[in-house]
Amino acid sequence: MTAIPRCAALAAVLLLAACSVLPRAEAPTVYRLPATATPAAAGGAPVDVSLRIDTPQAGGALDGTRIVVLPAGDQLTVYKGARWSDRAPALLRDRLFDAFQADGRVRALSVDENNLQADYELAGSLRAFQSEYEDGHPVAVIRYDARLVRAGAQRILAARRFDVRVPAQGKEVPQVVAAFGAAADRLAAEVVPWTLSAARQAAGPGGRSD
């Protein structure tokens, strides 16, 4: 065997040996947005309108599946080896849909992915969906700028900012995820009655949108 083939064979052996000892990249742990409690039907008179819940607009790191954390000041990073099961805006949209469905007063519900016509749209922007440290402890922060829009006319009927903060019970990722679930539930519990009140006012005495 000549010198060049021997060198090539030796290089191949060394490469295989190196590959066998290199650590394999671990698959990330995927988390759903947990529901802390099953909401009960609110009762009361139904709102005779159809409502479509749009996916909130978001930019940068918020429009993804990484779990964002601000450990100090304006420093932005993500939890290593952890991901949401869907993009953060989609997680919030689905939680809002579940809350409206459990409330039961709007009987014609849809989301923007269905592309169905509706009297009103609940649109908005996701301004925060992150863990922030306060006095060394993580706090789940969700900030949502909601807009009730008359479909077709694209006219804003009402707008409000919802800002929810829930401290985590510890610093581990599962504890932070649980805090996000509680924050999303609390935000949805505030968004539902606000939306219904604004829709009733917009619909007028007849109970229907014009």
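## A buried phenylalanine and its partner

F162 counts as buried, at 1% relative accessibility, where buried means under 20% relative accessible area, exposed over 50% and partly exposed in between, with a 1.4 Å probe and protein chains only. This is a predicted model, in which local features need pLDDT of at least 70 and side-chain atom pairs count only at pLDDT 80 or more, while totals for chains, interfaces and linings use all residues. Residues are numbered from 1 along each chain as its sequence is written, and side-chain values use heavy atoms, with hydrogens and water left out.

W194 is also buried, at 15% relative accessibility. The ring centres of F162 and W194 lie 5.7 Å apart and their planes stand at 75°, so the pair is edge-to-face; rings of Phe, Tyr and Trp (its six-membered ring) pair if their centres lie within 6.5 Å, and planes under 30 degrees apart count as stacked, over 60 as edge-to-face and the rest as tilted. This pair links distant parts of the chain, 32 residues apart, with F162 in strand β8 (residues 155-167) and W194 in helix α3 (residues 173-203); helices (H or I, at least four residues) and strands (E, at least two) are DSSP runs, numbered from the N terminus.

## The aromatic pairs and a cluster

The structure holds four aromatic pairs. In one of them, W84 and F129 have ring centres 5.8 Å apart and planes at 70°, so this pair is edge-to-face. It joins distant parts of the chain, 45 residues apart, since W84 belongs to strand β4 (residues 75-84) and F129 to strand β6 (residues 120-134).

W84 is buried, with a relative accessible area of 3%, and F129 is buried, with a relative accessible area of 2%. Together with F180, W84 and F129 form one aromatic cluster.
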